[in-house]
Amino acid sequence: MTEQSAPTTPRSGHALELRGVSKTYGSTHALRNVDLDAAWGRVLVLFGHNGAGKSTLLRVAAALIKPTAGSVATAGFDADGHAGRVRAATGYAGHGTLLYDDLTPEENLRFYARLYGVARPEERAAEVLRDVGAERWAQRRVRGLSNGMQKRVAIARALLHRPALLLLDEPYAGLDVQGRGFVDAVVRAVAAGGGAVVLSAHDPALAFALDGDFAVLRGGRLAATGEAAGATPDEIAALLSAPAEAA
Amino acid sequence: MRETLRAALTIYAKDVRLELRTRETLFSVLAFAFVVAFIFTFAFEPSPQLIASIGPGIVWVAWIFTAVLGMNRTFLLEHERGTLDGLRLAPVPREALYLGKLLSVVTLLVAVEALMLPAFLVLYDLSLFNVWFIAVALAATVGIAAVGTLFSAIAVHTRAREVLLPMLFLPVALPVLIGAVSGAREALDGEGWGGVGGWLQLIIAFDVVFLVLSSLVFEYVLEE
């Protein structure tokens with residue numbers, strides 16, 4: 001897990017900068033006035049209960065959805081005017097795999113590599129499949145793969161174009177120890193290569209295991225941020241379980 | 001422009017590969033088209049005079065219902081598979097996504113139309129192997145796909161998507177449908193450019209307007 005971590009995008013400032021970001025769906029406030037930075041070479045772990053706004057924040061950061069208010073800059077690019085550059089600089093793996101069940105992992109990755117304009121898509125797809133340990137399943141249809149293997153291929157898809165910023169929405173969910181170790185290795189490799197990773201999780205011990213930064217979301221608001229080194233898992237757990245502020 | 005075409009062809013190739021592998025859309029819409037065409041044989045005695053008069057209408061009723069069914073699945077399948085986000089994440093112009101899907105829809109509709117030609121011959125003794133008829137059909141298919149692909153993307157984010165697409169699509173596509181039926185009738189009557197040309201020009205003008213408009217607005221249609 002080394003080669004794919006080399007970012008190719010021009011960078012400046014923070015990997016991710018959110019300023020006053022709000023997102024509403026009808027009368028539901030998914031995010032409320034969030035200010036958040038993610039630094040290069042670091043891992044930022046987002047904590048929060050279900051519905052706290054973690055997935056929405058990651059989707060905003062990936063330029064999948066536009067915020068209702070506020071600004072988002074990814075790898076130095078303003079998402080509002082340069083959504084294409086933000087997308088090129090970002091690798092995103094969400095709850096779904098974003099893979100076609102009736103294609104093989106190899107076909108899926110070749111398709112996405114071509115779509116992203118990756119040079120030598122066949123070679124790159126094979127390389128990433130090797131990196132994530134899925135080359136043995138490269139020719140099987142995705143629908144026949146285990147959940148853990150699908151997740152590996154989904155992360156391979158997110159790494160195909162060597163993104164500077166990797167966004168992972170609950171990447172550890174449903175994985176066994178081996179699978180969690182794989183995600184750890186990917187995350188560490190991207191950060192060690194000078195990129196940045198923002199991921200969401202429920203387990204406060206994760207931020208410490210990854211030696212990263214953390215942010216706690218409650219009711220769409222940013223409740224706390226810090227470095228794992230400056231807090232304990234119990235303190236993060238306490239922040240998580242504090243009552244949400246009134247709307 | 002080159003980047004747009006490259007991305008569009010990539011999406012198109014993926015759709016064709018998936019369809020060839022699963023055949024889930026082609027077979028379902030083809031079966032539907034056959035049923036529609038077959039049911040009409042019970043509605044009247046297909047005499048040559050009657051077929052000459054209402055044949056083009058029957059053909060286009062079968063094709064247009066089939067088109068609505070097929071186009072509905074264009075973005076619905078991506079939505080259901082969860083792969084729509086994968087397309088939206090790609091750093092390519094949004095019109096490339098539209099163009100790729102449009103090519104897929106046109107291919108599907110042309111395939112269904114071509115496979116239905118022998119059925120009309122058998123059921124109604126209606127030969128559609130006429131160069132002007134085929135020209136009108138191809139031009140109309142592009143127009144139908146141009147509107148349908150756009151509205152399919154709009155409808156996919158709604159709950160009543162199966163109802164919404166025909167409700168949006170049919171009124172807007174009315175000029176091209178009128179042109180298609182009228183042009184087909186002229187062609188099957190043995191008319192050449194003199195009879196068909198006007199309708200063909202109307203359809204092509206519609207195609208151009210909707211291809212340009214749809215490409216321009218597609219970025220906003222894809223937003224959640």
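Visitor: What makes up the secondary structure of chain B in this predicted model?
Guide: Chain B has nine helices and zero strands. Helices (H or I, at least four residues) and strands (E, at least two) are DSSP runs, numbered from the N terminus. The model is predicted, with local features needing pLDDT of at least 70, side-chain atom pairs counting only at pLDDT 80 or more, and totals for chains, interfaces and linings using all residues. Side-chain values use heavy atoms, without hydrogens and water.

Visitor: Why is B:Val208 called partly exposed?
Guide: Buried means under 20% relative accessible area, exposed over 50%, and partly exposed in between (1.4 Å probe, protein chains only). B:Val208 has 48% relative accessibility, so it counts as partly exposed. This residue is found in helix 9 (residues 193–222) of chain B.

Visitor: How do you know whether the radius of gyration of chain B agrees with a compact globule?
Guide: The radius is taken over C-alpha atoms, and the globule rule is 2.2 Å times the number of residues to the power 0.38. For 224 residues a compact globule would have a value near 17 Å; chain B has 18 Å, which agrees.

Visitor: How many residues does the largest nonpolar core have?
Guide: That core has 157 residues. A nonpolar core is a set of buried Ala, Val, Leu, Ile, Met, Phe, Trp, Tyr and Cys residues joined through side-chain atoms within 4.5 Å. Those with the most contacts (heavy atoms within 4.5 Å) inside this core are A:Leu199, B:Phe120, B:Ile144 and B:Phe169. Its largest share, 14 residues, comes from helix 5 (residues 94–124) of chain B.

Visitor: What share of chain B counts as buried?
Guide: Of its 224 residues, 50% do.

Definitions and conventions: Residues numbered from 1 in each chain as written. Chains lettered and ligands numbered in written order.
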